Amino acid sequence: MAAEPEPRLRVEGLRVALPDGRVLIDGASLAIAPGEVVVLLGGSGAGKSTFARVLFERDALEHAGFEVVAEKVSFDRGELGLVPQRGALFDHLDVRGNLDLALRYRSDEDTRDAPDEDPASWLERVGLDRELAAPGTPVTRLSGGQAQRVAVARVLASRRRLLFLDEPSVGLDPLRVRQLARLIREQVKTLGVSAIVVTHDVALAAGVADRLFLLSLEDRKLEPLFDDTWPGAMEDRDEAERARWLIELEKTLVDHLAAHGDRAPPRTTIRARAFAALLRRLTPLAAPFQVAATALAFTPSQLARRTRDFAIVGARVLAQAFVRPLVFYSIVSVLIGYTVLYVISKVGGAGVRPDALIHQIGGSYVIALAPALSAILFVAASGSATNAWLGAMGLTRQTLALEALGVDRRRYLWAPAWTALGVAYLLVASLFALGMLFGGWLVCRQYGVPDAWALLTGDVVDPRPERVRYTVRAAFLIWMYAWGIASDVIAKGGAEKPEADAVTRGMTASVVACTLWVVAWELATVVVIL
Amino acid sequence: MKAALAGLAIVVAHALALPWLIDHFARAELIVVDGNAPAELIPRLTIDDDGARGPGLHHRRWTVRYRGGVTRSVGAATLEGPFQDPLQAACSARVVVGQRFLDDGAASPGTVAHTVVAAITGQMRDYHHWTIGSFERVTDVHVAWAQLAGRPDDMFLLRAHDAPSYVRATATIEFDRVSVPITVLLVPALRDHALRFDVRVRARLDFGNRLFDWISDHLDGDRFATDLARQEIGEGLIDALGPPPPLPLGGGRTLRFDYCGRPPEVVDGAYASLPLSVSITGAGGVLPPMLGDVAFPAPPRDGTVTLDLGLDAVNAILYETWRTGFLDEELARAGLDRRFNDDPSVQELLTIRLSPLRLALPPFVRASGDRLRLEAEALVNIGDGAHATLGRVWGGLDFRFANGRDTSKVGVDVTLGALELTCEPAPHTLVPCYADLVAALRDRAGDLHGALTETFASILTDLFVGRRVGTDGVPAQLEIRGVHATAASSGDNAVLRLALDASVLE
């Protein structure tokens with residue numbers, strides 16, 4: 001008798017509690033054999049998506065305050081792939097880029113170094129037109145069904161053997177649901193992969209499932225459905241049988257939801273909730289420092305080994321943080337430079353020559369003001385843009401999809417975004433200083449100050465000895481703000497985003513935190529140079 | 001958590017690095033110790049002297065320039081020789097006494113001739129002698145600069161070693177019985193480094209009667225007349241032409257002019273030029289620099305009294321006034337420090353306060369194109385809160401003497417040519433200080449022009465105009481009603497000409 005193949009996934013006694021102490025999953029056990037499709041059914045809030053996160057980002061889940069306990073969770077991380085809700089295609093890449101990324105990070109070591117595969121062939125495999133692989137085809141142009149198929153193609157291209165499909169039928173019409181179900185079955189047969197399909201779509205569940213499980217809202221356990229009677233995936237059966245099982249399955253599910261759908265998860269101990277709350281408070285404080293250290297550690301290797309990925313993400317962040325708000329920074333800096341020097345030139349009042357005051361001031365107003373002003377404006381404009389982008393990636397599960405492709409988000413996303421954001425700030429600070437100098441030059445021109453540009457830039461490029469410390473301080477502050485702001489923006493933008501409001505909360509929190517960072521360094525350095 | 005701690009460590013490392021960064025990137029300040037600047041500044045250091053060569057007060061400046069026209073500099077002044085010799089004063093000045101001062105042809109009031117008439121009349125008002133009768137009046141008075149070449153008759157009065165140039169006075173003293181025509185020659189002679197006048201007199205009694213003339217001859221009446229003329233006219237003239245009296249400087253200090261060793265130059269009927277030197281006294285090894293011989297311009301033919309001062313004379317005067325403390329007192333009296341400290345803008349905006357200035361070295365005047373530049377280094381204590389530093393102020397004033405008809409006020413145009421401040425926190429250690437403040441003052445040179453001009457015009461005017469100069473034992477005084485100052489440069493040297501509108505007061 002041949003030995004049963006080793007399951008691709010085995011979970012025993014899994015217990016997950018929410019940060020507030022409520023138990024979401026209590027004692028779930030599951031094993032999936034190669035070539036098997038298991039469907040997890042359940043109502044909203046049953047913990048289906050959380051189950052996926054236990055597999056893909058258990059650490060992040062625990063950092064977010066979830067309590068995850070399991071007797072056993074065993075699977076090969078390299079085999080696990082995810083098709084998130086609505087596909088979660090990477091919108092900073094085109095269709096081809098999504099597939100290219102999967103191909104570059106494919107888990108099959110034998111093919112990793114093989115010549116580049118044609119992404120179009122993977123589109124064909126899931127029934128899509130090869131033309132979609134043409135460079136420059138944005139993912140936003142795809143329909144929901146196409147996006148879902150591209151997501152499937154992406155995870156298949158990454159050579160994952162254990163697919164986790166999270167609500168893959170959301171937003172699809174019945175025809176597209178049937179097509180998706182057939183696609184899944186075809187790939188299972190063709191490639192021998194296993195799949196976990198999390199859904200509450202009865203048609204999809206019946207169409208693909210070899211086995212069915214219900215995440216019970218009654219006792220928060222994972223219960224097999226039709227354990228002995230389920231005949232297998234309905235896409236492989238005739239229509240009459242399919243119809244009968246659809247009705248049966250739907251009735252079972254509806255009865256369960258009617259009976260337990262509004263029940264809140266039970267609470268756990270006070271101690272556990274307090275600990276989770278403490279953890280939640282500490283995590284955001286430590287996160288920027290964590291980002292700084294990891295980004296610093298990963299940047300060189302990512303830049304050397306994944307130059308293309310680094311450039312793609314870096315260019316996107318540079319566009320958000322520098323190119324797009326360029327006009328804003330230019331206008332504001334010139335306005336501030338003009339206003340500040342004009343006001344200073346007038347402080348002497350009647351009888352005091354404005355140009356004499358300007359001669360005394362030189363470019364010191366830029367040295368004193370440019371770092372702080374540019375930093376706060378940068379956080380509010382550029383930082384918020386990148387923060388929102390990262391937050392949206394989290395909200396739309398793109399970051400989860402990255403992890404699912406075996407792409408470490410810290411390497412792929414954080415390191416280049418951190419570097420690009422830091423570089424963007426250095427550019428913005430330089431531009432801001434130039435703008436302020438130009439504004440000052442306009443004031444000088446008004447008063448006929450000779451050789452005004454040299455006078456104003458003297459404090460920057462050739463400061464007199466007693467002013468060198470102020471120039472060094474300004475350079476130091478700009479450096480600190482560059483990586484400090486980048487770290488905080490990445491930390492807050494990359495943090496858990498359970499809902500859309502979390503994105504704006506992250507932006508606001510980052511502006512406040514970075515402003516405090518700026519204030520702290522401004523004051524601390526004043527103490528040092530005095 | 002390890003990553004967070006690593007990130008925190010990065011922050012701490014940065015915080016600790018800041019003081020090091022500030023130290024590391026600190027740029028060397030300009031500090032000149034014993035004339036040496038820091039080596040790292042040498043590539044951008046310029047050392048320039050004031051451009052003047054030869055003797056004088058020289059200012060060496062070490063300058064570091066930064067972008068935008070910002071400079072930091074320190075300077076030091078040195079006095080370079082050769083120096084004037086107190087024991088052998090050079091003829092660096094002269095006084096030109098014009099014919100108009102002696103006699104305008106009518107012995108008008110204010111002339112020496114008028115003084116002579118007044119002196120004789122005063123002395124002889126009650127004179128009576130049984131031979132000649134009572135004194136009545138003096139007539140036909142003429143006093144003139146004369147040369148033997150133009151007046152061969154005077155040869156009989158002169159002695160072999162007498163100079164061929166002299167003052168020639170003629171007059172007729174009338175008594176009720178006789179008229180005494182007299183001729184007095186005052187022949188200048190240099191003896192014991194002093195200009196003296198030898199009196200040569202010829203007087204003859206003329207009774208207008210052969211008998212009386214015969215009697216007079218036998219009684220040696222001419223000798224009597226000559227003695228009378230020598231006593232009354234000769235001594236009076238000598239008094240009037242005496243050496244310039246010492247100029248009182250207050251506190252018992254005087255500025256003394258001496259006739260130097262060269263013979264006077266006399267031009268018949270025009271003027272006499274009397275070479276002078278300024279008496280100086282060495283002090284602490286410091287002496288006024290010596291530029292050397294100066295070419296005086298031609299004397300004015302229509303002047304009364306003209307004082308030509310070569311720059312050596314000017315600098316000797318400045319030296320003496322510096323040595324005796326007169327200049328420091330004048331500086332204190334001018335109250336530059338008080339004006340600065342009490343200025344409302346200074347009180348409101350600045351923390352520094354100045355002590356009275358005192359000159360570290362004697363000021364020096366040099367020729368600078370069509371101007372004269374007065375340069376000086378003054379010491380000042382600069383208080384800045386509880387901190388006090390010794391400052392060395394280097395200043396230069398450019399004088400351009402303007403021609404004008406009004407001689408009651410010296411026409412001069414004064415501009416600030418140089419102003420620098422160097423601090424000396426320790427002996428022989430020079431550092432820049434308050435450079436921006438000084439630069440701001442320097443930038444205001446145009447604004448200061450009016451005040452400087454007014455101040456120095458008043459000082460020079462007060463020094464000469466309206467003064468009566470006299471000396472003990474001399475009945476006449478010189479009254480100066482106006483002065484017309486001009487400067488003429490000649491190479492490195494120059495002559496400051498003070499044409500005095502002067503007259504003699506009895």
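Chain B gives 26 residues to the contact and chain A gives 27; two residues are in contact if their C-beta atoms, placed from the backbone, lie within 7 Å. The model is predicted: local features need pLDDT of at least 70, side-chain atom pairs count only at pLDDT 80 or more, and totals for chains, interfaces and linings use all residues. Residues are numbered from 1 along each chain as its sequence is written, while chains are lettered from A and ligands numbered from 1 in the order in which they are written.

On the side of chain B that touches chain A, α1 (2-25), β4 (70-80) and α10 (435-443) of chain B each give two or more residues. Helices (H or I, at least four residues) and strands (E, at least two) are DSSP runs, numbered from the N terminus. The largest share, 13 residues, comes from α1(B).

Now take chain A. It has 19 helices and 10 strands. Its C-alpha atoms fill a box of roughly 100 × 55 × 40 Å along the principal axes. Of the contacts with a separation of 6 or more, 81% join residues 24 or more positions apart.

Next, look at one helix pair in chain A. The axes of α14 (residues 364-395) and α19 (residues 500-529) come within 9 Å and cross at roughly 150 degrees. Axes are lines fitted to C-alpha atoms, for helices over the stretch in contact, and angles run from 0 to 180 degrees between N-to-C directions. The crossing angle therefore makes α14(A) roughly antiparallel to α19(A) (over 145 degrees). Residues in this contact include Ala372(A) and Gly383(A) of α14(A), and Gly506(A) and Glu522(A) of α19(A).

Methods:
Angles under 35 degrees count as roughly parallel, over 145 as roughly antiparallel, 65 to 115 as roughly perpendicular and the rest as oblique.
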